[in-house]
Structures are given as C-alpha cells and as structure tokens.
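Please read them alongside the sequence and the structure.

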Amino acid sequence: MDITMELIKLSYKTKVALANDKQNSPEFLAALATDNDPRIRKKVALNSGTPSEVLDALANDCDSAVRRAVVENKNTSADVLTALAKDKDSIVRFNVAQNENTPIELLTMLAEDGDWYVREAVAMNPHTPHNTLVMLSKDADERVSKAAIKALSKGKEKGKTRIER
C-alpha cells in the first residue's frame, strides 16, 4: 500500500490531526511532508517527532512558512540552521537567530543581517557571544542597540555566553 496515495483521500482536518501526532511513525510523517497543502507540511515541520531527514527535505520547501516551521523544531540540525540562516525570507533568518540551538558562528554572521529585527533577535539569544553583543550595542538601530545593552547589563562575563555563566 502506498501511504502517499492513501493520504490523498483524507480530509484536511484528519491530515492536521495526523501531522500533529507526535506518536506517528517516521514513514507516515515523511509521507505527510509531501502533501500538496503547505499547511500540512508546516504542521509536520513543527512536530517534534519528525525525523531529521524529513526536516532536511522540508528546509528546501518552496513555502517560506514551512521553512520557518523547520527552524522552530528543536530537532533541526545545525547544518539545516546554517543553510536557513542565508534564506531569502527574513522571518526564516529571524527564527534562526532566535533558535537556542543556533551555532555561535551563525549568530555572529546574523548579527550583520540587513534587517534590524534579525539583529535584535541575535542580541536576545542567550548564546550570543559577548563580543557580538558589544558590536550590536553600537548598532545604528536603537532597538538593536538597546537589546544588546540589556543583554550585556545582565551580568555577562566578558567573552562568555550567558549559558556559560
């Protein structure tokens, strides 16, 4: 039996319930990840039970809402976060900057993003290095510099991330 062919017959409501089910098999979630409806693919991307291989595939989805959801999943690999840190959609990059699993070198890169809210998210990420926060504290956008100054004033030790305190 071809799971994908059987899924086509299901209602939207049923597919949503299945995509949200954390107990679903990896094969079933992989099949749902190929659904024509981006709302279903987004639900699969948000599901904490979705295998990393499926998240890798969804990271290349044509719908930016699906890619945004991939970044929100705690099981998304550093490689995928690295790829999505360069996404054309600024909200995808914003989500990468917010993700606490984002590698430090990516946070440093995103600190130079052209969109202020991405830089602000970097300043608010608890793993942003001290030197990056110092740089952001001098940002031309007041929202970014205030967020960086606030993070620095929380007693961060020089050269350490908040997680190392």
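1. The chain has an accessible surface of about 8,800 Å², and carbon and sulfur atoms hold 53% of that area. Accessible areas here come from the Shrake-Rupley method with a 1.4 Å probe, and for residues only the protein chains shown count as cover.

2. A word on the basis of these values. This is a predicted model, in which local features need pLDDT of at least 70 and side-chain atom pairs count only at pLDDT 80 or more, while totals for chains, interfaces and linings use all residues. Residues are numbered from 1 along each chain as its sequence is written, and side-chain values use heavy atoms, with hydrogens and water left out.

3. The chain contains 12 helices and zero strands. Helices (H or I, at least four residues) and strands (E, at least two) are DSSP runs, numbered from the N terminus. The C-alpha trace spans about 60 × 30 × 25 Å along its principal axes.

4. Of the 165 residues, 46% are buried; buried means under 20% relative accessible area, exposed over 50%, and partly exposed in between (1.4 Å probe, protein chains only). Among contacts with a separation of 6 or more, 43% join residues 24 or more positions apart, where contact means heavy atoms within 4.5 Å.

5. Rings of Phe, Tyr and Trp (its six-membered ring) pair if their centres lie within 6.5 Å; planes under 30 degrees apart count as stacked, over 60 as edge-to-face and the rest as tilted. Phenylalanine 94 and tyrosine 117 are edge-to-face, at 6.1 Å centre to centre and 65 degrees between the planes. This pair links distant parts of the chain, with phenylalanine 94 in helix H8 (residues 90-98) and tyrosine 117 in helix H10 (residues 116-124), 23 residues apart. The ring centres of tryptophan 116 and tyrosine 117 are 5.7 Å apart with planes at 90 degrees, so this pair is edge-to-face as well.

6. Phe94, Trp116 and Tyr117 make up one aromatic cluster. Tyrosine 117 is partly exposed, at 22% relative accessible area, and tryptophan 116 is partly exposed at 27%. The charged end of arginine 143 sits over the ring of tryptophan 116, 3.6 Å from its centre. Likewise, the charged end of arginine 39 sits over the ring of tyrosine 12, at 4.2 Å from the ring centre. The rule asks for NZ of Lys or CZ of Arg within 6 Å of the ring centre and within 35 degrees of the ring normal.

7. Is aspartate 113 buried or exposed? Aspartate 113 is buried, because its relative accessible area is 11%. This residue lies in the loop between helix H9 (104-110) and H10. Neighbours within four places in sequence aside, aspartate 113 contacts Arg93, Val118 and Arg119.

8. Lysine 13 belongs to helix H2 (residues 12-20), and its C-alpha lies 44 Å from that of proline 129, 116 residues apart in sequence. Lysine 138 is in the loop between helix H11 (130-136) and helix H12 (142-153). Lysine 138 and alanine 148 are 10 residues apart in sequence and 8.5 Å apart, C-alpha to C-alpha.
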